[in-house]
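Here are a few friendly notes to read beside the model. Please keep the backbone view open as you go.

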Amino acid sequence: MIAIVDYRAGNLTSVARALEHLGHRCEITDRPEKIRAAERVILPGVGAAGATMENLRALGLAEVLRSDVARAGKPFLGICIGIQVLLDRSEEDDTDCLGIIPGHVTRYPASVDGRPLKVPQIGWNRVRQTRAHPVLAGVPDNTHFYFVNSYYPVPADLAVTIAVSDYGVTFTAALARDNVIATQFHLEKSGAAGLKLLDNFCRLKG
Amino acid sequence: MIAKRIIPCLDVRAGKVTKGVQFLENVDVGDPVAMARYYYEQGADEIVFYDITASNERRGIMIEVVRAVAREIFIPFSVGGGLRTVEDMRAVLLAGAEKVSIDSGAVRNPQIIAEGARAFGSQCIVLSMQVRRRERSEAFPSGCEVVIDGGRTATGRDALAWSREGVGLGAGELCINSIDRDGTKLGYDLEVTRLISESVSVPVIASGGAGEPKHLLEAFTAGAADAAIVASIVHYGEYPIPEIKRYLKSHGVEVRDAVP
């Protein structure tokens with residue numbers, strides 16, 4: 001069973017539908033014991049860092065994700081806001097985050113070389129794979145994925161980055177460290193390539 | 001680089017697609033789910049459903065359509081038409097839509113934009129507006145007036161002023177639909193599209209008038225649009241999406257590779 005963490009935000013059902021389409025059993029839940037018992041855990045969604053962390057703490061899930069998922073070696077996938085809250089801190093709402101991956105989250109620049117940059121980034125952007133990883137297996141390099149973000153993660157140790165993309169700056173689009181995987185793009189809205197990556201995660205050995 | 005998006009628009013009445021006849025074997029062209037799957041497989045970057053039923057007693061039918069579409073396609077899609085309250089928006093988003101598109105309802109009650117953005121985030125809220133050419137004047141510095149109710153009602157509002165107000169209230173994208181060009185196949189209204197796109201900080205979608213691939217190229221270059229709505233140009237099979245994308249790519253426009 002795959003637990004999809006319900007923290008009262010985001011479009012959780014679209015991840016559930018994608019998993020069902022791929023033939024994986026999943027449950028949307030906010031209960032710590034179910035997340036502890038799950039074979040793997042997904043933290044998906046659209047939302048702001050402040051509200052996301054507030055809800056994760058209020059539901060008692062921040063510590064569960066840190067200790068019983070990330071540190072316990074359970075395969076863990078963060079998507080969109082789910083990658084951003086993995087880091088120590090986000091500039092968005094000036095938020096203390098989970099601190100599972102050292103680093104911070106910052107806003108896309110408002111302009112590049114004097115030309116204004118539209119923020120949020122909304123749409124399909126190319127993702128360059130910088131490191132081989134089983135979760136990227138069968139996904140062609142430079143494939144477009146669907147992004148909706150105003151902020152991007154800056155890991156302290158760039159060795160965790162497995163793919164990058166460009167939007168005003170070159171940023172970490174996907175990262176992996178041991179059992180923790182995360183993407184800045186929406187796997188569940190990125191067509192066949194997104195589904196492939198999601199399926200790869202579901203097949204990673206715990 | 002971020003790709004320019006091609007967004008087929010499907011008009012749905014009482015659960016059936018109203019345009020888009022005569023183009024395909026093996027596809028029920030009246031069935032919104034089959035049509036959505038077809039465009040998904042063709043490499044559409046997003047899909048818009050416009051519910052022209054828009055009466056409360058029939059709202060449930062559209063929710064069922066959204067739910068069925070969400071099980072079949074894994075790209076973003078939005079739903080517009082007759083959404084007046086945050087609860088209307090919540091219903092289509094919970095059913096699986098990525099975004100909602102608001103139009104006349106936002107002109108009548110601009111606070112709906114702010115309420116929607118607060119509840120679901122700006123990225124969920126597309127402010128769509130129908131615009132009509134007017135003589136450039138103090139009242140209409142952009143040269144376009146916002147109209148509602150399918151063009152039957154003038155609002156006295158300037159298109160650029162309304163765009164700025166909408167973004168200020170929290171709209172995450174703007175869709176500029178030219179009433180003058182709609183259905184003409186003469187191309188998008190590039191002038192107003194560019195004016196608005198260069199004046200706001202959010203993506204702008206060109207709509208109304210596409211008749212050939214060249215028109216999309218113009219929208220993305222002279223029109224400075226981030227995305228373009230297509231309807232009859234794709235519904236009648238004249239220009240399949242992969243062909244439009246090949247054309248754009250050969251002219252240096254970044255598009256998402258149309259791999260099914």
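1. Two strands count as paired if DSSP finds at least two bridges between them; strands (E, at least two residues) and helices (H or I, at least four) are DSSP runs, numbered from the N terminus. In chain A, β5 (residues 89-90) and β6 run antiparallel and are joined by two bridges. Within this pair, S90(A) sits opposite T95(A) of β6(A).

2. This is a predicted model, where local features need pLDDT of at least 70, side-chain atom pairs count only at pLDDT 80 or more, and totals for chains, interfaces and linings use all residues. Residues are numbered from 1 along each chain as its sequence is written, while chains are lettered from A and ligands numbered from 1 in the order in which they are written.

3. The β5-β6 pair belongs to an open sheet of four strands in chain A, ordered β6-β5-β7-β12 with mixed pairing. Its edge strands, β6 (95-96) and β12 (151-155), each pair on one side only.

4. Helix α1 (residues 12-21) of chain A has seven of its 10 residues buried (20 or more other C-beta atoms within 10 Å of their own, with C-beta atoms placed from the backbone; exposed is 12 or fewer, partly exposed in between). Among them are L12(A), V15(A) and R17(A). After the helix comes G23(A), with a positive phi near 85 degrees.

5. Two backbone spots deserve a look. The peptide bond from V119(A) to P120(A) is cis, with omega near 10 degrees. N142(A), in the loop between β10 and β11 (143-149) of chain A, has a positive phi near 70 degrees.
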